[in-house]
Amino acid sequence: MATFYQFFLAILISFAQVVFVLSKGYFLSLEFTLYPYLISHGFVPYKGLLDQHFPSLFFGAFSLPLLSSTNPTPLLLLFLSLLFFTNLLFYRYLKIKKTQHPLLWLLLFVIVMAYFSVNILWVETFINFLLVIFLNLSLAQTKFSKFLMGLILSQILLLRPTLAPCLIALIFLYKTLNLELTLGFITGIFVSFGYLLFQNNFTDFIQLAIVFNSSTYAKASVLFPTTRQLFFVGLLLGLSFLNTLRSQKWLAFLVICLSLLASFPRFGLEHLQPFVLLVVLTLSQSYHFSKWLLYLVIMLFSAQILFGLRLHRYGNYFWQPHLYPLAQKLTNLPGPEIYLFGASDLLYPLSNKLPPGKLYLPSLPWYLNYPPYQTALLSSLKSSPAPVLVDTNFSVDGQKLINSSPQIYEYIKMNYNLVETEGSFELYIKNQ
């Protein structure tokens, strides 16, 4: 009876997280809708669909299908389900490991995750889900479970390559290096990269995911944390360090430290969600951590979250209401193509139109100012009669795109006629 009662409380805590996300608002990152839409219309990743991520979640054998091109509900349900079951699987692991106060640790995990942008659907949402599956599989110790653990690690690596050192340390921490795990890992990598060979775009992948990432993206996209963010990350890291001084489990602390690499080069709290999971996991397995200190940390993060909830409520960020009437206008424009410069890329699927010349380039300065991609974009515009929609207010890291990528904006103004202005949006038709 007590076990059932505890499991019911774990469900309530997990459900509370869902309510928090719906109340605060959520980011359904547009890639999860846009990329399947473009691929379904013949765009080839790394050739015409330019994105620097490795073949896993967005492209390839393990990628998500197109859930809906016009309705965010299916994607939202997937997002909330991932959060809910991540919590329950984490609780299951704590219970099987006979952790003291498992419900308190689950509560801490949920509350700290609320500060670390749990409301953003991004690759770390899937990484945390895969990590708790990895943890539960580590309890089984069968050949098949070890194979699945290797398969899971391969996908985590492809989702966030900067976690490679962390994953290596994690393997040694859980003493899981064996033949079955190695075979599972190789299978995951082989299937994912076999997709590139099947699409005949391996060279394009190297150029984008390796050359562009290392030469341009890693330098041009750098974003540093704020003082407040450093404080809360430092707090968790400090608690982990003090716990390690008592427990002497330095390998676990190394895993935690290496997970911070996920925030390079663009710092974002959402990138540190695996860090949060590993910190709470490590602290929960320690007999040296005071229950009262646990209460204190919970109250500190709760106060910060309530403060943020009072200041920031933004609804469904990437499916904003103004997009729908705007999409209807674009739908009525002649032709199957349009180029969006700074305007939300969700307007492509919402208006059932495509980027010109089978080339999709994100409206981000490190893409638009990279000479090979800028040349390819201008060439696609020259060869297509497609109209252009500009959002003059769209900014990246505080700088408007029309200022950070002036060559593209100047080309549009010189070769297109401005036919309509509505708020920050400018609609251009090509000169005859």
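Reader: Is Trp-292 called buried or exposed, and what makes it so?
Author: Trp-292 has a relative accessibility of 67%. Buried means under 20% relative accessible area, exposed means over 50%, and partly exposed lies in between (1.4 Å probe, protein chains only). The value of 67% is over 50%, so Trp-292 counts as exposed.

Reader: What kind of model is this?
Author: It is a predicted model, in which local features need pLDDT of at least 70 and side-chain atom pairs count only at pLDDT 80 or more, while totals for chains, interfaces and linings use all residues. Residues are numbered from 1 along each chain as its sequence is written, and side-chain values use heavy atoms, with hydrogens and water left out.

Reader: What makes Glu-124 and Arg-160 a salt bridge?
Author: The rule asks for a side-chain nitrogen of Lys or Arg within 4 Å of a carboxyl oxygen of Asp or Glu. In this pair the closest N and O atoms are 2.8 Å apart. That is within 4 Å, so the pair is a salt bridge. It links distant parts of the chain, 36 residues apart. Glu-124 sits in helix α5 (residues 123-137), and Arg-160 is in the loop between α6 (143-159) and α7 (164-173). Both Glu-124 and Arg-160 are buried.

Reader: How do you know what is a helix and what is a strand?
Author: Both are DSSP runs, numbered from the N terminus. Helices are H or I, at least four residues, and strands are E, at least two.

Reader: Which residue does Asp-397 pair with, and how do you know that this is a salt bridge?
Author: The partner is Arg-266, and the closest N and O atoms are 2.9 Å apart. Asp-397 lies in the loop between β6 (395-396) and β7 (399-400), and Arg-266 in the loop between α11 (250-259) and α12 (273-284), so the pair ties together parts 131 residues apart in sequence.

Reader: Are Asp-397 and Arg-266 buried or partly exposed?
Author: Asp-397 has 43% relative accessibility, so it counts as partly exposed. Arg-266 has 18%, so it is buried.

Reader: What makes Glu-410 and Lys-413 a salt bridge, and where do they lie?
Author: Their side chains meet at 3.3 Å, N to O. That is within the limit, so the pair qualifies. They lie in helix α19 (residues 406-415), three residues apart, which means a separation of about one helical turn. Glu-410 is partly exposed at 37%. Lys-413 is partly exposed too, at 39%. Salt bridges that share partners also join Lys-329, Glu-420 and Glu-422 into one network.

Reader: How many salt bridges are there by this rule?
Author: The count comes to six.

Reader: How many aromatic pairs are there, and why is Phe-202 with Phe-205 called tilted?
Author: A search of the whole structure finds 36 aromatic pairs. The ring centres of Phe-202 and Phe-205 are 6.2 Å apart and their planes stand at 45°, so the pair is tilted. The rule covers rings of Phe, Tyr and Trp (its six-membered ring) with centres within 6.5 Å; planes under 30 degrees apart count as stacked, over 60 as edge-to-face and the rest as tilted. Phe-202 and Phe-205 are three residues apart in helix α9, about one helical turn. Phe-202 is partly exposed at 34%. Phe-205 is buried at 1%. Trp-292 and Tyr-295 form another tilted pair, at 5.5 Å centre to centre and 50° between the planes. Both lie in helix α13 (residues 291-311).

Reader: What happens at Asn-213 in α9?
Author: Helix α9 (residues 202-220) bends there by about 65°. The bend is the angle between axes fitted to the seven residues ending at a residue and the seven starting there.
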